[in-house]
Amino acid sequence: MMDMTSNVRPADLERITTVEQANAFIDEQVEIIRNQVGDGKVLLALSGGVDSSVVAALLIKAIGKQLVCVHVNHGLLRKGEPEQVIEVFKNQMDANLIYVDAVDRFLDKLAGVDDPETKRKIIGKEFIDVFAEEASKLEGVKFLGQGTIYPDILESNGVKAHHNVGGLPPELDFELVEPVKFLYKDEVRVVGKVLGLPDNMVYRQPFPGPGLGVRCVGAITRDRLEALREADAIVREEIGKLPETPWQYFCAIPDIQSTGIKYVDGVGQRYMGWAVVIRAVNTTDAVVVTVPEIPFETLCTMRDRIVKIPGVNRVLWDISEKPVATIEWE
């Protein structure tokens, strides 16, 4: 049986590429989890991302209602994501799910803050505070489930920053449950498919821990954030229709305005509006990034839909590679 106390991937752990291998891994992890947890409870921050979702599905299979999932909606998720978490885990998998609507709490703290690192720290600290508050309301929780995967161990000593930004309060004193800690991302996806998670969750694109907070460039305003959320949904839908999709595609809204024209009763009027920047990239390691061609017809379709979003009057296409540019705008 796999030694889960080590941080070194077992030499005899074959790459998981098939349904049979995934089933064997799941069966072994179910036994390991049950032996570790016993009749105790496990708390899990369920973001809706690939790693936390697969861990949640695996823990539900192993211990059912002994798992307590906490989904914190901080208002910086993509369109439809909080609803999907509720539908998949609460309605379909009958998970013990706590949904926390903390939108106002986060956005109030972020109001007027334009420095990217300060925004990240506020989002991380507030998430920990909300999660710790929910944990303190529960009794008998001794374990913390985490979606740590093997690249996290290799790159950051096993702590996923977006799951535990700044660290949970030490008085909570949880023992970690990390069932996919020896897997790479592609293996996690195979396991997720076998566990029955939907494709748009299993193949969810990389998404920064602060969410749309670092794509709504500068100080976040609620109207610009909602425009970004709508534009992002359009970009993901239209580029997702292509026969071959880029590694990642999304959009950002810089904190600038430019003049545009809108018609009121047939009369053109100048006004100041936002620009939406479309970003699509290809990479194998996220260190060197190239920009794929997007069919002009697709760009025009996105443009025609995006400019109908209130407040938006321009659509730009970011063709910058890394280096010199980074993938995200902040």
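## Helix packing and selected residues in a predicted model

Helices α1 and α2 pack against each other at an angle of about 65°, and their axes lie 9 Å apart. Because angles of 65 to 115 degrees count as roughly perpendicular, α1 is described as roughly perpendicular to α2. The handedness of this crossing, in which α1 passes α2, is right-handed. On the side of α1, the contact is made by Phe25, Ile26, Gln29, Val30, Ile33, Arg34 and Val37, while α2 contributes Leu58, Leu59, Lys61, Ala62 and Ile63. Sorted by class, the residues of this contact between α1 and α2 comprise 9 nonpolar, 1 polar and 2 charged. The structure described here is a predicted model, and every value in this report should be read with that in mind.

An α-helix has 3.6 residues a turn, so residues three or four places apart point the same way.

What is the angle at which the axes of helix α9 and helix α10 cross? The axes of α9, which spans residues 222-239, and α10, which spans residues 296-306, come within 10 Å and cross at roughly 155°. Since angles over 145 degrees count as roughly antiparallel, α9 and α10 are roughly antiparallel to each other. The crossing of α9 and α10 is right-handed. From α9, the residues that make the contact are Ala231, Ile234, Val235, Glu237, Glu238 and Ile239, and from α10 they are Thr298, Thr301, Met302, Arg305 and Ile306. Divided by class, the contact of α9 with α10 holds 6 nonpolar, 2 polar and 3 charged residues.

Two residues of these helices can be looked at individually. Threonine 298 is located in helix α10, and its relative accessible area of 12% is under 20%, so threonine 298 counts as buried. Leaving out residues up to four places away in sequence, threonine 298 touches Glu238 and Leu242. Aspartate 232, in turn, has its place in helix α9. Is aspartate 232 buried or exposed? With a relative accessibility of 1%, aspartate 232 counts as buried. When residues up to four places away in sequence are not counted, aspartate 232 touches Arg78, Arg215, Phe250 and Cys251.

### Helix α7 and what follows

In helix α7, which covers residues 185-194, the buried residues include Glu187, Val188, Arg189, Val191 and Gly192. The buried residues of α7 pack against α1, α2 and α8, where α1 covers 19-37 and α8 covers 199-202. After α7 comes glycine 196, which has a positive phi near 95°.

### Glutamine 66 in its loop

Glutamine 66 sits in the loop between α2 (50-63) and β2 (67-73), and with a relative accessible area of 24% it is partly exposed. Apart from its neighbours within four places in sequence, glutamine 66 is in contact with Val37, Gly38, Asp39, Gly40, Lys41 and Val42. One of these residues, glycine 38, has its backbone oxygen reached by the side chain of glutamine 66 at 3.0 Å.

### Backbone angles

| Residue | Phi | Relative accessible area |
|---|---|---|
| Aspartate 265 | about 55° | 78% |
| Alanine 286 | about 65° | 27% |

Aspartate 265 belongs to the loop between β7 (258-264) and β8 (267-281), and at 78% relative accessible area aspartate 265 is exposed. Alanine 286 is placed in the loop between β8 and α10, and alanine 286 counts as partly exposed at 27% relative accessibility.

Cis peptide bonds are the last topic. Lysine 322 and proline 323 are joined by a cis peptide bond, for which omega is about -15°, and the peptide bond that leads from proline 323 to valine 324 is also cis, with omega near 25°. Proline 323 is placed in the segment after β9, which covers 312-318, and valine 324 is likewise placed in the segment after β9.

Notes. Residues are numbered from 1 along each chain as its sequence is written. This is a predicted model: local features need pLDDT of at least 70, side-chain atom pairs count only at pLDDT 80 or more; totals for chains, interfaces and linings use all residues. Side-chain values use heavy atoms; hydrogens and water are left out. Axes are lines fitted to C-alpha atoms, for helices over the stretch in contact, and angles run from 0 to 180 degrees between N-to-C directions. Helices (H or I, at least four residues) and strands (E, at least two) are DSSP runs, numbered from the N terminus. Angles under 35 degrees count as roughly parallel, over 145 as roughly antiparallel, 65 to 115 as roughly perpendicular and the rest as oblique. A crossing is left-handed if the near helix is turned anticlockwise from the far one by less than a right angle, and right-handed if clockwise. Contact means heavy atoms within 4.5 Å. Ala, Val, Leu, Ile, Met, Phe, Trp, Tyr, Cys and Pro count as nonpolar, Asp, Glu, Lys and Arg as charged, and the others, Gly among them, as polar. Buried means under 20% relative accessible area, exposed over 50%, partly exposed in between (1.4 Å probe, protein chains only). A polar contact is a pair of N or O atoms within 3.5 Å; within protein, one must be able to donate a hydrogen and the other to accept it, and residues adjacent in sequence count only if both atoms are side-chain atoms.
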